[in-house]
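Please keep the sequence and the model in view throughout the dialogue.

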Amino acid sequence: MITLYDADRCPYCARVRIVLAEKGIGYETVVVDLDDRPAWIYEKNPLGRVPVLEEEAFVLPESAVINEYLEERYPEPPLWPADPAERAEGRLLVERFDSFSRPYYALRRGEDDARDRLDDQLALLDDRLGGRPYLTGREFGLADVAYLPWILRAESSLGVDLDNHPSLAEWVERAAERPSVSAERALLAAL
Ligand SMILES: N[C@@H](CCC(=O)N[C@@H](CS)C(=O)NCC(=O)O)C(=O)O
């Protein structure tokens, strides 16, 4: 049995929830209160952060690493393309996620010019989606999963409007047709 140490509002946890749902993997959830973290979470992850995935005696933190683990351990349906070059491009997006998240969190902190900096990042994603339906390539996959939780939150709680980024806006709606992603939208609406 898999256990996910989880928090509803955590976008990193959302990455893992989406992959578990896409692959139809059953799991139980232990909700961690991020405002009053239990001491035992540091035994699971010395950084004290969620998500953490536990499968039998195996304990793994870090959302991108967890998702790579799930992809290898439960290969169906695949969430990386078969083509090595396409796969590498998707991994590059995950690797460079901080370029996107820095202005996102700066905007959450209310920093000057953060909205413009985030908009520049949204424009880069929009450009990439001009030529393909998904960030991962021809099919939905782990690069999409890496970014979607923040885009959904940017729309729902930071007042970010995707009207100037039509390919990105279409991508969100395309992704939201998937139960794994619509569940995340529903969860955010209920927070
Ligand atoms: N790099 C980690 C980041 C996880 C993370 O920052 N989680 C947040 C909640 S969204 C957390 O646990 N924050 C508590 C803290 O930073 O002390 C990942 O990808 O899993």
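The dialogue below takes up a strand, a helix, the cysteines and some backbone angles.

Q: What kind of model is this, and how are its residues numbered?

A: This is a predicted model, in which local features need pLDDT of at least 70, side-chain atom pairs count only at pLDDT 80 or more, and totals for chains, interfaces and linings use all residues. Residues are numbered from 1 along each chain as its sequence is written, and side-chain values use heavy atoms, with hydrogens and water left out.

Q: How many residues of strand β1 are buried?

A: Helices (H or I, at least four residues) and strands (E, at least two) are DSSP runs, numbered from the N terminus. Buried means under 20% relative accessible area, exposed over 50%, and partly exposed in between, with a 1.4 Å probe and protein chains only. In β1 (residues 2–6), 5 of the 5 residues are buried, so the strand is largely enclosed by the rest of the structure. Both faces are covered, with I2, L4 and D6 on one side and T3 and Y5 on the other.

Q: In which sense do β1 and β2 pair?

A: Two strands pair if DSSP finds at least two bridges between them. β1 and β2 (residues 27–31) are parallel and share 5 bridges, and I2 stands opposite Y27. Strand β3 (residues 52–55) runs antiparallel to β1, joined by 4 bridges; here T3 faces E54.

Q: Which unit do β1, α1 and β2 make?

A: A crossover is right-handed if, with the strands pointing away from the viewer, the path from the first strand over the helix to the second runs clockwise. With helix α1 (residues 11–22), the strands β1 and β2 form a right-handed β-α-β unit.

Q: Which residues of α6 are buried?

A: The buried residues of α6 are A114, L118, Q121, L122, L125, D126, R128 and L129. They lie on the same side of α6 because they cover an arc of only 160° around the axis, the arc being that of the directions from the helix axis to the C-beta atoms. These buried residues pack against α4 (84–95), α5 (97–108), α7 (142–157) and α8 (166–175). The face turned away from the buried side carries the exposed residues D116, L124, D127 and G130; D127 has a relative accessible area of 60%.

Q: What does E71 touch?

A: Contact means heavy atoms within 4.5 Å. E71 lies in helix α3 (residues 63–73) and is buried, with a relative accessible area of 10%. Leaving aside residues up to four places away in sequence, E71 touches K23, P77, P78, L79, W80 and L142.

Q: How many disulfides are there?

A: A disulfide is a covalent bond between the sulfur atoms of two cysteines. Here the rule is a pair of cysteine sulfur atoms within 2.5 Å, and the count comes to 0. The sulfur of C13 is 3.4 Å from its closest cysteine sulfur, in C10, which is too far for a bond. C10 is buried at 7% relative accessible area, and C13 is buried at 0%.

Q: Where are the cis peptide bonds and positive phi values?

A: Most residues other than glycine have a negative phi, and most peptide bonds are trans. A cis bond joins V50 and P51, with omega about 5°, and another joins E76 and P77, with omega about -15°. Phi is positive at E62, near 75°, in the loop between β4 (58–61) and α3. D113 has a positive phi of about 65° and is found in the loop between α5 and α6.
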